[in-house]
Amino acid sequence: MPAWSAISLAAGVLLLGAAYWFHIRRAHLAAVAAFIAGLAAVLFPLLARRAEPHAGPSHFQIEIQNRLLAEQLIREAIRADMARDPRRLSRHEATVYSQGGEDGILAEIFRRIGTTHRYFVEFGSGDGAENNTGLLLQGGWSGLWLDAVPEFTRAAAERNRGAVDEGRLAVKQALVTAENIEELLREAGAPASFDLLSIDIDRNDYWVWKAIVNWTPRVVVIEYNAVFPPGISWVVNYEPNSRWDGTSHFGASLTALERLSREKGYLLVACNIMGTNAFFVRKDLVTDQFADPFTAENHYQPARYHLVWYKSGHPRRVAAPGLIELPGGPR
């Protein structure tokens with residue numbers, strides 16, 4: 001008990017005793033005053049103690065606990081994944097500017113297959129602070145960013161002003177659809193067989209990839225809908241002007257994307273542990289370095305969206321290129 005509480009209780013007892021003394025001597029006003037003061041002195045520390053919040057972990061402590069738990073969950077998932085085949089890509093996950101380990105997976109893929117033009121195209125690139133190609137841009141690559149939100153494209157261009165001024169990065173505001181994607185690629189002068197295509201537009205991803213027929217990027221990373229387990233082929237109905245409504249009604253299941261990829265000449269080589277993105281490599285580039293079979297049943301990861309918030313290290317800031325050397329030099 002704090003010292004002030006003990007003093008208050010002692011004073012209260014004395015005042016109540018005084019009230020009784022005044023009462024037997026018929027000093028009624030003094031008795032009432034002493035009684036009220038004594039009662040208040042006794043009750044005050046008791047009420048104050050009840051009003052005190054229960055001791056518990058601080059916000060900072062809770063955040064640290066959540067981060068440690070997230071790290072443990074990621075390590076356990078990767079350990080279980082790698083136990084199935086050491087060629088799997090999950091242990092290479094790393095998050096620099098990406099959201100869920102994509103930076104590391106892409107770096108390892110290009111370490112295995114090499115690069116050519118070191119050119120990327122990403123639609124759904126956001127404001128340039130967090131996407132799948134920001135690290136490549138900082139590593140000297142060039143490419144095209146497309147996003148439907150004007151505020152995002154303005155922020156991305158300003159954040160990467162140096163790359164834009166050098167002519168290495170084109171940032172364009174556009175609602176990407178199956179009808180306009182090839183015209184957008186043509187306007188940007190994208191090479192016919194550029195190194196990386198990243199698709200994350202939250203709804204019509206499947207239909208836009210299907211519509212790309214005159215370009216054959218070497219690697220494709222695309223968001224999949226992990227609500228649907230392997231074996232279920234599901235694709236959202238195509239509505240070019242519709243956007244994600246915040247529910248599970250978006251994109252396509254991994255099985256649907258695997259089937260489309262085979263039609264287009266690609267093989268599924270990985271999904272990230274978070275269960276958000278699938279990675280496809282053009283069939284002519286796939287060797288025994290990658291874990292087979294190249295099926296949804298083998299590479300599916302369930303939705304672990306609760307890990308999306310976790311990103312270790314300091315808040316990210318886009319750096320000037322120059323000191324970043326990425327694996328997968330030109331072949």
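Here are some exercises on rings, pockets and cavities, each with a worked solution.

The model is predicted, so local features need pLDDT of at least 70 and side-chain atom pairs count only at pLDDT 80 or more, while totals for chains, interfaces and linings use all residues. Residues are numbered from 1 along each chain as its sequence is written, and side-chain values use heavy atoms, with hydrogens and water left out.

**Exercise 1. Find out how many aromatic pairs the whole structure has, and classify the pair of Tyr206 and Trp207.**

Step 1. Start with the rule: rings of Phe, Tyr and Trp (its six-membered ring) pair if their centres lie within 6.5 Å; planes under 30 degrees apart are stacked, over 60 edge-to-face, and the rest tilted.

Step 2. A search of the whole structure gives 10 aromatic pairs. In one of them, Tyr206 and Trp207 have 5.1 Å from centre to centre and 80° between the planes, an edge-to-face pair.

Step 3. Now check accessibility: buried means under 20% relative accessible area, exposed over 50%, and partly exposed in between (1.4 Å probe, protein chains only). Tyr206 has 11% relative accessibility, so Tyr206 is buried. Trp207 has 24%, so Trp207 is partly exposed.

Step 4. Ring pairs also bring in Tyr238, giving a cluster of Tyr206, Trp207 and Tyr238.

**Exercise 2. Work out why the pair of Trp209 and Tyr266 is edge-to-face, and where its two residues sit in the chain.**

Step 1. The ring centres of Trp209 and Tyr266 are 5.7 Å apart and the planes are at 65°, so this pair is edge-to-face.

Step 2. Trp209 belongs to helix 9 (residues 205-211) and Tyr266 to strand 6 (residues 266-271); at 57 residues apart, they link distant parts of the chain. Helices (H or I, at least four residues) and strands (E, at least two) are DSSP runs, numbered from the N terminus.

Step 3. Trp209 and Tyr266 are both buried.

**Exercise 3. Describe the largest pocket: what is its volume, and which residues are closest to its centre?**

Step 1. On a 1 Å grid over the protein atoms alone, a pocket is an open set of points with protein on both sides within 12 Å along at least five of seven lines, a cavity is a set where a 1.4 Å probe fits but cannot get out, and lining residues have an atom within 4 Å of a point.

Step 2. The largest pocket holds about 890 Å³ of space. It is lined by 34 residues, and Gly124, Asp200, Ile201, Asp202 and Glu223 are the closest to its centre.

Step 3. Sort the lining by class: 12 residues are nonpolar, 12 polar and 10 charged. Here Ala, Val, Leu, Ile, Met, Phe, Trp, Tyr, Cys and Pro count as nonpolar, Asp, Glu, Lys and Arg as charged, and the others, Gly among them, as polar.

**Exercise 4. Look at the cavities: how many are of 30 Å³ or more, and what lines the largest?**

Step 1. There are two cavities of 30 Å³ or more. The largest cavity has about 80 Å³ of space.

Step 2. Its lining has 11 residues, with Asp103, Leu106, Ala107, Leu136 and Leu326 nearest the centre. Helix 4 (102-113) and helix 5 (134-138) are the elements that give two or more residues to this lining. Helix 4 contributes the most, five residues.

Step 3. By class, the lining of the largest cavity has eight nonpolar, one polar and two charged residues.

Technical notes
Grid points are joined across faces, edges and corners, and a volume is the space filled by probe spheres set on the points.
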